[in-house]
Amino acid sequence: FPGVIDVIAASDIPGNKFVGGIEKDMPVIAIDRTRYSGDVVAVVAAETSEIAREATKLIKVEYSPMAPVLSVEEALAKNAPFIHEKRKNNVVASFCVKHGDVKKGYKSSNATIAGEFKTSFIEHAYLEPECCIAVPEPDGSITIYGGMQHPFTTRRFVSSALGFSLNCVRIIQTTLGGGFGGRDDTISVICARAAILAKRNNRPVKITYTREESIRESYKRHPFHLKYKAGISSDGKFQAMDVDITADSGAYCSMSPFVIWRPTVQCTGPYIVPNVRCDTKAVYTNNTFTGAMRGFGSPQHIFACESFIDMCAHEVHMDPYEFRKL
């Protein structure tokens, strides 16, 4: 196509084809399958972004449809297909907290209350979409300019994909137009793709996403499914609490282990509960992958916990404020 300089697929990645901050499960470019609708299967470099986008329409991809796993419940089902074939299940990470004797706590309770809560995917909606420039240097190294929150993550991703040592990759963080936790994995992978094209063609490469491309590929806040159960004594005090939390990690791990650790250890909020059990899981699905966002797993469980506290206060006929003070 006139104006096209280069086209790369997964086979053109000179270094490691998978990257990740915790689990290296995210392909720089999809290899043999796409795991969610934001996976990139090829990258086109042209004299202008308009030419590049027009040229992508000429790329034909042959897909063999597979049944998608679109909920945590489906992913945890007995015969669920594995999102990542090398794993034995779809559980990304899990944590458990046990304190005291929950069964004993319920026996000394006069009332038992249960509640169930769900939160949704949330887009960071930063002011600027993802953008970066990769510049090959005369000494063989590469310099990356971009709006990222974690330049050292970008450095690792770029060096890994190029097969370079870290000292051959220079990262210059430009002014951010917002981030809110959303400028980690996605922008780092985009920088790696730009770097591969820049090295192959020995000329600077710039990638700027449209808003639609940004929303499609970038990770979101984790949707949580939270189940609370508590036992309360006649004087209005908690005696026991059970909490089960599942988080939709989407197609890749990203920061899921860190995100679900917080609600596990903070499951009762600021309230004193002598007997506690909390089990938390992050689960792979074919949804958009999820990662860091402001609060890092706390907003979801705070919404559920505080809603549940109101329900408990109502059940024991107490003012919610007085119940919380107690």
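Reader: Happy to start. What do I need to know about the ground rules?

Author: This is a predicted model, in which local features need pLDDT of at least 70 and side-chain atom pairs count only at pLDDT 80 or more, while totals for chains, interfaces and linings use all residues. Residues are numbered from 1 along each chain as its sequence is written, and side-chain values use heavy atoms, with hydrogens and water left out.

Reader: What makes a space a pocket or a cavity here?

Author: Both come from a 1 Å grid over the protein atoms alone: a cavity is a set of points where a 1.4 Å probe fits but cannot get out, whereas a pocket is an open set with protein on both sides within 12 Å along at least five of seven lines. Lining residues have an atom within 4 Å of a point. Grid points are joined across faces, edges and corners, and the volume is the space filled by probe spheres set on the points.

Reader: Which residues line the largest pocket, and which lie nearest its centre?

Author: There are 35 lining residues, and Ala42, Val43, Val44, Thr56 and Glu213 lie nearest the centre. At least two lining residues come from each of β4 (43–46), α1 (49–56), α5 (185–201), β10 (205–208) and α6 (211–217). Those labels are DSSP runs numbered from the N terminus, with helices being H or I of at least four residues and strands E of at least two.

Reader: How is the lining of the largest pocket divided by class?

Author: It has 18 nonpolar, eight polar and nine charged residues. Ala, Val, Leu, Ile, Met, Phe, Trp, Tyr, Cys and Pro count as nonpolar, Asp, Glu, Lys and Arg as charged, and the others, Gly among them, as polar. The second largest pocket, lined by 28 residues, divides into 18 nonpolar, four polar and six charged.

Reader: How many cavities of 30 Å³ or more are there?

Author: The count comes to one. The largest cavity holds about 90 Å³, and of its 16 lining residues Met26, Tyr36, Asp39, Arg193 and Glu217 lie nearest the centre. Helix α5 gives the most to this lining, with four residues.

Reader: What makes Asp32, Arg33, Arg35 and Glu85 a network?

Author: They are linked by salt bridges, each a side-chain nitrogen of Lys or Arg within 4 Å of a carboxyl oxygen of Asp or Glu. Asp32, Arg33 and Arg35 are also among the residues nearest the centre of the second largest pocket. The whole structure has 18 salt bridges.

Reader: Why is the pair of aspartate 310 and arginine 324 called a salt bridge?

Author: The closest N and O atoms of aspartate 310 and arginine 324 are 2.8 Å apart, so the pair meets the salt-bridge cut-off. Aspartate 310 lies in helix α8 and arginine 324 in helix α9, so this bridge ties together parts that are 14 residues apart in sequence.

Reader: And what is the N to O value for lysine 325 and glutamate 322?

Author: Their side chains meet at 4.0 Å, N to O. Lysine 325 and glutamate 322 are three residues apart in helix α9, which means about one helical turn separates them.

Reader: How do you know whether a residue is buried or exposed?

Author: Buried means under 20% relative accessible area, exposed over 50%, and partly exposed in between (1.4 Å probe, protein chains only). Arginine 277, in strand β13 (residues 276–284), has 18% and therefore counts as buried. Tyrosine 63 has 53%, so it is exposed.

Reader: What makes Val7, Ile59, Val61 and Tyr63 a nonpolar patch?

Author: Patch residues have over 30% relative accessible area and no salt bridge, with like charges joined within 9 Å and nonpolar side chains (Val, Leu, Ile, Met, Phe, Trp, Tyr) within 5 Å. These four make a patch of about 340 Å², with areas taken from the Shrake-Rupley method with a 1.4 Å probe, and for residues only the protein chains shown count as cover.
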